[in-house]
Amino acid sequence: MSTTGHTLHLGRWRAAVASAILGMAAWHGVQAQTTGATSIRQAFENYSKLDAHEKLFLHLDRATYVSGDIMWYKLYAVEGTRQRPLPMSRVAYVEVLDGRKKPVLQTKVALKDAVGHGSFQLPATLPAGRYTVRAYTNWMKNFGAEYFFHSTVTVVNTFAAKLPADTTRTATHDVQFFPEGGNLVKGLPSTVGFKVTDHTGRGLAAEGVLLDKQGKPVARFATLRHGMGQFSFTPAEAGSGYTAVLKLANDQSLTRALPAVYEQGYVLSVARSGSGQLSLSVAANTPSAANEELYVLGHAGQQAFFAQSVRLANGHAQVVLDKAALPEGVLHFTVFNEQRRPICERLYFHRPNSRLVIDAAADKPQYATRDKVSLRLATADGAGRPAAAGLSMAVYRLDSLAAPGSATDIRSYLWLTSALKGHIENPGYYFQSAEPEADAAADNLMLTQGWRRFRWEAVLAGTLPAMPHAPELNGHLIEARVLNKQTGAPMAGIPAYLAAPSRQVRLYNGISNAEGLVRFEARELYGTKNLVLQTNFRQDSTSRFELLNPFATNHAEQPLPPVRLLEQHRADLTQRHVQVQAQNAYFRKALSPYAQPLTDSLAFFGRGDERYRLDDYTRFKVMEEVMREYVPGVQVRIRKGSFHFMVVDNGHRTIFSDEPMVLVDGVPFFNTDRVMKVDPLKVQRLEVVTRGYLHGPLTYSGIVSYISYKGDMAGAQPDARALVQEYEGLQWEREFYAPRYETEQQKQSRLPDLRQLLYWNPNISTSAGQPQQLSFYTGDEGGKYLVVVQGISNTGLAGSSIFTFEVKPAAVAQAR
């Protein structure tokens, strides 16, 4: 297939962006004629058209690993407002970062129909510690690393001579105060959220007192959950005179100053009012507070659900909303003044009722070793109606290193964690309970960890956001920069060609822009390849290339607590060590195979107009004889002592005046002399396109393509000016292996089966009303095993299910 199709897909994306740009420009021209909350809502909706709100969730098989383990994962891609599967990006980037945010493992994973899966082989030399696993798409890179998926895992190196010492212990604590709505204003009652954490981001219990300039107590407060709480008071003076004195559970005292109090301003308060209602109250202390008109906008993700104008009466205004009519998830309420400037903002969490109910159960609560486990899976919505869904499942042994509940939950991540900035401790808590305390704790979370993906100034001004990273709609985008090799300055308008030697002929091209940037949309590029990047050196000899790093280089603040291994963990550490060594010793070959994805065997140009299997003809030892004797579509010319090809244009019954694109295993050769030196005995076939061929932005005067037996360019070397660089394409998919004991002979196998991870399946599908049946076998390790199932429906219902079963060694089972 031609990469013309690739260019058209990117063109459609650019056209969509251009259309939105024109819409914003048109709106900007008439916004003076439209005032109030409607204009703000329209500006927000116009801006949102440019932002395909994409999220990733990554289901890891476990949260604790041993060096040498295999880490398995599944990726779910969803749109960020209603959490429905979003099949936009075709590539995801997954990384494992150490405590210094340095990548220790990186890969690119193919996404198909909004899902993908892969694995990492953890090196045996990987030091013990906490690591961050993060995942993102190229499009998500436009919005900052805080928007990526993050999860913390523990890796223990059992080869170490002793347990790692905790070198990160510190007594530092972080105390932050967040006035509701944004600011403290003199004379206006205000609520202040606060958060107390240790150096790892874990919340600490504390109580305290707020003192004014004279040291007089004006409020007392205490944390509720996860180190967060709130208190209310009315600032009597402007400036920075208020101080909070906190006392921790260990009797340590901390003194922190509150944010400064403004002489004039606005305060926004959001509270539950009456039965099923939500009250938004605005108070002002400004010269225009008597009757100023304000505008209130509510949005969830990229969806504006509320816009209303309110007028202050004696400095106060109120809006009452029906909670049942509000969208689910994290809601943003923003207040604007008459000049359409944002003056207050508040987040509110409307706990989602929508969820995917996963009914997962084993046929027995207890099994013997090497016994068959049968599972039944069915999915439904919250009302019990069957719902089709895509699921992933992990089954692993519980020990002191792997506690239940350590896995990241898909529902709490999509609805809560991904909408807030920073570390959230135990996000599942806010979904598990509908008690008033859980509502109050969620309100504290909204006060202290608010986050927005954009700047209101840019939204209201119609300023387009910087979107340097295009979505990968069809395949991996490989980016390079074309530079002048003498000055290093970017070079614009330079045609560039990218290829990886292979028997499957693929060629990608592009023309550098004003910044020297050129993009190649590389479909079906899997595994480690040697990329050849070059220009047509007959036309340009002054350029050089830099291949750009496709991985993000910016990072979010993710606190990583130290690994504290105690003597009580030694037995489980020893067992884990033996498990990994037994797996690698006895099942290495079974764990190594990778599934080869089906790829198009045709060349990018389809089938040539002339095709030759050289074994069907007299074998010549010189390529010139091959071309002259039985390739009528190509005429060989010699000019100034050098060979040149001229292709017959059958469509116009003439000969092209320009030279054709000459390829050896897909790699362009612009010096025909190099091709003539290729040994014909190493070439299997030859194809010729005897017509003009439009390939992306470039046109070729015919194509001459040689395919060798080994796909190694038959020993030919590209031009010395070409950039040849090893590159990791999309990850091959490793196949999960687990022994099966269906026969007595298999059960009597003497190979030790010490698996800690019994089962991993990222490709489970349930249809509406049709339960799914799965089975696997236990190993030789007794103990309690945890089953974790996560997934999402086509309509955006997310959910998980967790249960356990026991494995008893045969001797123990018989004794009972």
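This is a predicted model: local features need pLDDT of at least 70, side-chain atom pairs count only at pLDDT 80 or more; totals for chains, interfaces and linings use all residues.
Residues are numbered from 1 along each chain as its sequence is written, and side-chain values use heavy atoms, with hydrogens and water left out.

Okay, the overall picture. We've got 12 helices and 49 strands; those are DSSP runs, H or I of at least four residues for helices and E of at least two for strands, numbered from the N terminus. Of the 816 residues, 54% are buried, and buried means under 20% relative accessible area with a 1.4 Å probe, protein chains only.

Now let's look at helix α9, residues 623-630. Which residues of α9 are buried? They're M623, V626, M627 and Y630. Those four sit on the same side of α9, because they cover an arc of only 115 degrees around the axis, going by the directions from the helix axis to the C-beta atoms. And they pack against several elements, including β36 (610-613), α10 (672-676) and β43 (698-708).

Last stop, E659, in the loop between β39 (654-655) and β40 (661-664). Is E659 buried or exposed? Buried, with a relative accessible area of 17%. Leaving out residues up to four places away in sequence, E659 touches R538, R639, H644, F645, M646, T672 and S701.

Technical notes. Buried means under 20% relative accessible area, exposed over 50%, partly exposed in between (1.4 Å probe, protein chains only). Contact means heavy atoms within 4.5 Å.
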